[in-house]
Amino acid sequence: MKDQDSLSIAQPHPKGIDFIQKLGLVISAIGILILLVAWGGYTFQQNGLFLSLSLGTIFLGTVIYAARTYLTQPAGIHNNGIWQKSFTNRGMWGWLVGIVLTGFYVLLYWYPQYLGLAQNGEQNKGLVALFDPLSQFFKGQPASQWFMYGTIYTLLICSLGIKFMLKYRDNRYQAIRTLVVIVSQLFLAYLIPEILEGFSDSNHYFAKDIKNVWPLNYYFFQDWHLNNMLEHGGNLGMFYFVVGLFLFLVFTPIITYYVGKRWYCSWVCGCGGLAETAGDPYRHLSSKKISVWKLERWMIHGVMVLVFLMTFASLYGYFTNSVTFLGLEIYAYFQRPYGFLIGAAFSGVVGVGFYPLLGNRVWCRFGCPMAGYMGIIQRFKSRFRITTNGGQCISCGNCSTYCEMGIDVRAYAQKGQNIVRASCVGCGVCSAVCPRGVLKLENGPEEVRVKDNPILIGKEEIKMDVG
Ligand code: SF4
Ligand code: SF4
């Protein structure tokens, strides 16, 4: 199917916004303006006060706007006009947002001095300096660009998560899932790691990585990280090492077997959290073409091969005390290219910067090796599936349109096939937007879901019947 074919229920373009919505936008704009003024190089006399004002107004304004937008309408999913707005349909505003986001990520990863990060022992300036008081409060040191970014990231997930909960408020699965996303980001990804970093010295650098699982943390098996845990980290380092292995080898496969990869991808993961909340207006932009599905499988498994290769080279170097593998310097030829190309350029710059162009799950769909690992388990050894009551389907296409992973859900529903796809993150939005209650996310006996329900969509060459 073509990408836009699925929008077969015409929705009118919404009317303008009212006073309270405008008020919410203005309040948010004040917070954003403070960030921009700081970025422009202005130093506030009371950074702490202005930072609180900025974060507080962005949060408050977003919640006011979202509450007014969704609570004045009957419950149900409201995506009216989404294909007509320049902001959400790759129009001028969409491109502008994409370019600004991409540019921001380039600065964040490679030119943080332009965000105000201190150089050569000076003090932070600009945007990063605005976050100094909060960083001092948590860990007694000036902010880094990552602390600044983590704070803004968490703010976005919290405020836009509330917007998402209001939008999908009649759906219990979405409400609980989004609450877990917010709590996970706030505590597991932000507050606890930042506070732990304050207690850690250079010998316990690993301590802040509480989501310490390979291949998510692709550097888990790199020599500096292993040394930090095993040689300098004492009992705590050994504990982190064992827990990391346990999470990768035991916990992840078992829980993915029982509930699918959704436990991580759309409930806990920070990347998934941002995609589900800030990226929600762009979920329909994921391509549903079969050729893209094919590309997706090549790319995500290609990244898995790279992470295996890089890790194997790293472990070889660690155990043989060598800096080369197959005659190539391990850092220069394996670790650095992986960190640059996959760890930074793909997951960060493209992963978020391209939301308005390619949809909100570019990284999760095409690159994330953790998603790839869980996807293989989900596809071949899991109880998770989406069941379809084909007789009820009216082929409206809402499910396919709003599947952020580019799955043509409607094609399965029309055939009454259960959906068993490696890429499905179990967000449940296909089910939430279905007007006929056709789709149900379930965990059940795996033989039913795989043997009797082979994937039969599309051309002959991509059939994956394992029955
Ligand atoms: S198939 Fe449904 S649950 Fe799976 S990723 Fe797509 S929208 Fe989410
Ligand atoms: S499964 Fe539901 S949302 Fe999808 S095409 Fe059928 S009726 Fe529409």
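By class, how many nonpolar, polar and charged residues does the shell around ligand 1 have? The shell has nine nonpolar residues, two polar ones and no charged ones, where Ala, Val, Leu, Ile, Met, Phe, Trp, Tyr, Cys and Pro count as nonpolar, Asp, Glu, Lys and Arg as charged, and the others, Gly among them, as polar. Residues around ligand 1, with a heavy atom within 4 Å of it, include C403, C424, C427 and C430.

This is a predicted model, in which local features need pLDDT of at least 70, side-chain atom pairs count only at pLDDT 80 or more, and totals for chains, interfaces and linings use all residues. Residues are numbered from 1 along each chain as its sequence is written, chains are lettered from A and ligands numbered from 1 in the order written, and side-chain values use heavy atoms, without hydrogens and water.

An automatic or database assignment divides the protein chain into domain 1 (16–72 + 111–198) and domain 2 (382–462). Their C-alpha centres lie 36 Å apart. Six residues of domain 1 contact six of domain 2 (heavy atoms within 4.5 Å).
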